[in-house]
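Please find my notes on the model below. They are set out as numbered points.

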Amino acid sequence: MKLRTTKRHLREGTKNIFRNGWMTIASIGAVTTTLLLVGAFLALMLNLNHMANGLEEDVQIEALIDLTAEEEQIKGLGTTIKQMEGTESVAFTSKDEQLNQLIEDMGQEGSTWQMFEQDNPLSHAYIVKAAEPNKTERLADKISQLDGVQEVNYGQDVIRQLFQFNEYARNIGLVLIAALVFTAIFLISNTIKLTIMARSREIGIMKLVGATNGFIRWPFFIEGMMHGVLGSIIPITAVLTGYYYLDNNLKDQINYAFVELLPFNPFAWQLSLLILLIGTFIGIWGSVMSVRKFLKV
Amino acid sequence: MKNATLWIKGDIQMINMKDVYKTYANGVTALNGIDIDIDQGEFVYVVGPSGAGKSTFIRLIYREVKPTNGTIVIDDTDLSTLKVRKIPFLRRNVGVIFQDFKLLPKLSVYENIAFALEVIEESPRNIRKRVMDVLELVGLKNKARFIPDELSGGEQQRVSIARAIVNHPKIVIADEPTGNLDPDTSWGIMRIFEEINDRGTTIIMATHNKEIVNKIKKRVIAVEDGLIVRDEHRGEYGYEA
């Protein structure tokens, strides 16, 4: 396409944005709402995924030892586990250490556990870390079959629950977003329909004197695209500022090791780019839908 | 003008229709088997009662409608196999003029004509020159800056003629071009058509104007009930006005 023609299409497309006034604002508003939700949802999803993966990395096996086991047997067990295939490290933790840790972790409520100091109900345990996180389950299975091992825990429930929560959140989010995307597309295509009807005479003459359909279509295409791009300004600003504050403040306030957000740079920028692309896509789709129907030869 | 240089009347076939039928989607049959040949440089009146199929005949030529059956060849282009995306290029060779002018009300005379060249991506320098040339031809050079509402009906029709011919089409089609004009103005419009025709452009004009057809003698095609019932060179209007 010639530069002069490109300029003309850009000018015409931009003019329509103002010509359609409130309808333009409605379309842009719909895109903005959609993208705000898409942005918040994506930030949440991607971070939850990130956390779940991190958690999986951190996973360790806690092998509880039979209360009846002798000291000899316990030592032997340690050596056996160390020599097993796929074991990275083994650490012994006595039941007294565990009780102290428990009392400390529980804070105020921990004091109730102090009465157990005389008669500790906990077991001695080995903390085993697998060389490869995804082989944790197999290693845990093998350890559980050893003599003197009473029970094996490796946080399987927490991970499973996190992944499940992720899945629910994703499904609900996707339905919500799909509905919003369609609303936005519908509004945009309606706005552009108005433009086309307002200019039907002009379009008729253009066709009569031999303008190609591509030539007629471009300004509407640009108008739709502008709706999408303008609609993504507020969501991108919100994502960038919101994530910046979250990233800075959450770090200090929550002390759980696994609550670790994706770093602002590059995550927030990538998310912004994605929002812009989705906005543009919505705009283009909306315009293509209405133009195709109205410009049939 | 470039068309004028190499033109020899009656030599080159411009429009050829064979066995053309047209039935609209609503079941109305407009054309019932049309056969016609029109050569380059001919001036043809299409006459006949309202609803006889004149408009359909005209609309077939610039591919506004597609025939149900039969073949149409316009300047070596077979319309039955013409792809939809090629239609614009056919129309650059066919200028069309209507009874209601179809001008853009907010644009000046100059802009209305230039618009036709802008949308086919003509260069600005060429646009300026061609628009001024054609305004001279239709005698509206001094009204280039006026908007259509400030002009008389005849002047508006001259603007629409200027727009139709500014691209030097080989064929000019006019559907009742004098239908909204008083007799004096109509003669003025006809003089312009004759001048365009003298330059070698083929002209097809559907009309109800008995006086014009009988005074400015040209080929007359009469259409009735979707058929050509009469085709005479230097013919008469043949109906009561």
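1. Angles between axes under 35 degrees count as roughly parallel, over 145 as roughly antiparallel, 65 to 115 as roughly perpendicular and the rest as oblique. Axes here are lines fitted to C-alpha atoms, for helices over the stretch in contact, and angles run from 0 to 180 degrees between N-to-C directions. Helices (H or I, at least four residues) and strands (E, at least two) are DSSP runs, numbered from the N terminus.

2. This is a predicted model, in which local features need pLDDT of at least 70, side-chain atom pairs count only at pLDDT 80 or more, and totals for chains, interfaces and linings use all residues. Residues are numbered from 1 along each chain as its sequence is written, while chains are lettered from A and ligands numbered from 1 in the order in which they are written.

3. In chain B, helix α4 (residues 109–118) packs against helix α6 (residues 153–165) at an angle of about 25 degrees, and their axes are 8 Å apart. The two helices α4(B) and α6(B) are therefore roughly parallel to each other.

4. Which residues of α4(B) and α6(B) meet? From α4(B) they are Val109(B), Asn112(B), Ile113(B) and Ala116(B), and from α6(B) Val159(B), Ala162(B) and Arg163(B). By class, this contact has five nonpolar, one polar and one charged residues. Ala, Val, Leu, Ile, Met, Phe, Trp, Tyr, Cys and Pro count as nonpolar, Asp, Glu, Lys and Arg as charged, and the others, Gly among them, as polar.

5. The contact between the chains takes 14 residues from chain A and 15 residues from chain B; residues are in contact if their C-beta atoms, placed from the backbone, lie within 7 Å. On the side of chain B that touches chain A, helix α3 (residues 87–91) of chain B gives the most, with four residues. That side has nine nonpolar, one polar and five charged residues.

6. Chain A holds 10 helices and four strands. Its average pLDDT (the predictor's confidence in each residue, from 0 to 100) is 81, and 94% of the residues score at least 70. Among its elements, helix α8 (residues 213–231) has the highest mean pLDDT (88) and helix α4 (residues 95–106) the lowest (78).

7. Glu167(A) lies in helix α6 (residues 156–198) of chain A. Is Glu167(A) buried or exposed? Glu167(A) is exposed, because 10 other C-beta atoms lie within 10 Å (buried needs 20 or more, exposed 12 or fewer, partly exposed in between, with C-beta atoms placed from the backbone).

Methods: Two residues are in contact if their C-beta atoms, placed from the backbone, lie within 7 Å.
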